[in-house]
Protein chains: 2
Amino acid sequence: MVIEILRLGHRPSRDKRITTHVGLVARAFGADKIIISEKDRKVEDTLNDVTTRFGGPFHVVSGVKWRNYVRKWNGTVVHLTMYGEKLDGAIKKIPRDQDLLIIVGAEKVPKDVYELSDYNVAVGNQPHSEVAALAVFLDRFSASKNLAKKFKGGKIEIKPTKRGKTVISKE
Amino acid sequence: MVIEILRLGHRPSRDKRITTHVGLVARAFGADKIIISEKDRKVEDTLNDVTTRFGGPFHVVSGVKWRNYVRKWNGTVVHLTMYGEKLDGAIKKIPRDQDLLIIVGAEKVPKDVYELSDYNVAVGNQPHSEVAALAVFLDRFSASKNLAKKFKGGKIEIKPTKRGKTVISKE
């Protein structure tokens, strides 16, 4: 099962850091790829740099005709929004045997996103953060398993430590 | 049981949006208060505005002598860091009958934070986001319950909806 994240409404002038966090969460919580609607080579570079250092596979593309991408998606489309149906119920319905595209918007999302998606899902109906929504969705959807994913080909690895830091160089 | 979040290393020029997301996550996932190390009235205002509109209680203070605050904390101190011990194991050890202070840093955290904390906990040992780490920690720690918290005194409420938006005015 492939999981891809589509980040909509990215404004390179304002959203660099939030979109970078969305991308890092996508990678750390087991997604295969992030697609960013607007071209932003800096965010691409930052995410690719983390993948080079900490391992992959994880892919980034930016500047994508996203409506086409969603329409052509061969699988399930989930849109994370505070207005959507409850996470608990939705998560049981989302098929596990199909590829999954998860749409994560910035502040406002075009109306048709609600129609293009198979499920509009709320990680709580309170305002918080697309970064948090994506993390909790992937954590719950994988029943806590994705966070333990092993990455390949990185240069460094962090070992869990009760106090201080243990960084292992693999080169 | 009181849960408070201490946000360290906030740089008002760079971190407004990330710290705001940390604060919104704190509120939405059931914490009672966020303490921001550096004074930032704008972030305070944004968070208080959400509490006015969507309900509380939730408290914000910024510009706090944080080492004193941690030392005087009467309860457990958890520091979220990618270098820490594994979430699964840690979460079973953290007492449920004591107040909880959760420290969330920005990019680099002073060394003594590791010593001042009872538990240094990694929400995965991969780089991602303090926003995501806090959300997943609170979601797991509350066994998914905090996200269903009811807030009081707000002006609007969002009802879960499969397509579109349902916003109820309570005024």
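Helices here are DSSP runs of H or I with at least four residues, numbered from the N terminus. By that count, A:R17 lies in helix 1 of chain A. This is a predicted model, and A:R17 is a handy way into it, since that residue reaches over to the other chain: it touches B:R11, B:R14, B:D15, B:I18 and B:E107, leaving aside residues up to four places away in sequence.

**A:R17 and the salt bridges**

- Within its own chain, A:R17 has its C-alpha atom 8.1 Å from that of A:V43, and the two are 26 residues apart along the chain.
- Across to chain B, A:R17 forms a salt bridge with B:D15, where the closest N and O atoms are 2.7 Å apart.
- There is also a salt bridge between A:D15 and B:R17, again with 2.7 Å between the closest N and O atoms.
- Why does that pair join two chains? A:D15 sits in the loop between strand 1 (3-7) and helix 1 (16-28) of chain A, while B:R17 belongs to helix 1 of chain B, so the link runs from one chain to the other.
- As background, side chains of opposite charge can pair when their charged atoms come close.
- How many salt bridges turn up across the interface of chain B and chain A? The rule finds four there, and a search of the whole structure, over all chains, gives 24.

**Where the two chains meet**

- On the chain B side, 52 residues are in contact with 52 residues of chain A.
- The size of an interface is often given as the accessible area lost when the parts come together.
- Here, chain B and chain A bury about 4,500 Å² between them, and 59% of that is on carbon and sulfur atoms.
- Which residues of chain B lose the most area to chain A? They are B:R17, B:Y83 and B:R163, which together make up 16% of what that side buries.
- Polar contacts show up too: 25 residue pairs across the interface, with both partners at pLDDT 80 or more.
- If you want to find the chain B side in the structure, look at helix 1 (16-28), helix 2 (41-54), strand 4 (75-86), helix 4 (87-93), helix 5 (112-116) and helix 6 (130-141) of chain B, each of which gives two or more residues to it.
- Sorted by class, that side of chain B has 22 nonpolar, twelve polar and 18 charged residues.

**The sheet in chain A**

- Strands of a sheet pair through backbone hydrogen bonds, either parallel or antiparallel.
- In chain A, six strands form an open sheet with parallel pairing, in the order 3-2-1-5-4-6.
- Strand 3 and strand 6 (119-122) of chain A are at the edges with a single partner strand each, so one side of each has no neighbour in the sheet.
- On average, neighbouring strands of this sheet are turned by 25° against each other, direction ignored.
- Strand 4 (residues 75-86) and strand 6 of chain A run parallel and are joined by five bridges; in strand 6 of chain A, A:V121 stands opposite A:E85.
- Helix 2 of chain A lies across strand 2 (33-36) and strand 3 of chain A, at about 180° to strand 3 of chain A.

**The sheet in chain B**

- Chain B has an open sheet of six strands, paired in parallel, with the order 3-2-1-5-4-6.
- Its edge strands are strand 3 (59-62) and strand 6 (119-122) of chain B, and each pairs on one side only.
- From one strand to the next, the twist averages 25°.
- Four bridges connect strand 2 (residues 33-36) and strand 3 of chain B, which run parallel; B:K33 has B:H59 in strand 3 of chain B as its bridge partner.
- Helix 1 of chain B packs on the sheet and touches strand 1 (3-7) and strand 2 of chain B, its direction making about 175° with that of strand 1 of chain B.

- Most residues other than glycine have a negative phi, and most peptide bonds are trans.
- In chain A, a cis peptide bond joins A:G56 and A:P57, with omega about 0°; A:P57 is in the loop between helix 2 (41-54) and strand 3 (59-62) of chain A.
- In chain B, B:G56 and B:P57 are joined by a cis peptide bond, with omega about 0°, and B:P57 is in the loop between helix 2 and strand 3 of chain B.
- A:A143 isn't a glycine, yet has a positive phi of about 50°; look for A:A143 in the loop between helix 6 (130-141) and strand 7 (156-158) of chain A.

Definitions and conventions: Residues numbered from 1 in each chain as written. Chains lettered and ligands numbered in written order. Predicted model: local features only at pLDDT ≥ 70, side-chain atom pairs only at ≥ 80, totals over all residues. Heavy atoms only, no water. Contact = heavy atoms within 4.5 Å. Buried area = accessible area lost by both parts, 1.4 Å probe. Salt bridge = Lys/Arg side-chain N within 4 Å of Asp/Glu carboxyl O. Polar contact = N/O pair within 3.5 Å; in protein donor to acceptor, adjacent residues only side chain to side chain. Nonpolar A, V, L, I, M, F, W, Y, C, P; charged D, E, K, R; others polar. Pairing = 2+ DSSP bridges. Axes fitted to C-alpha atoms, helices over the stretch in contact; angles between N-to-C directions.
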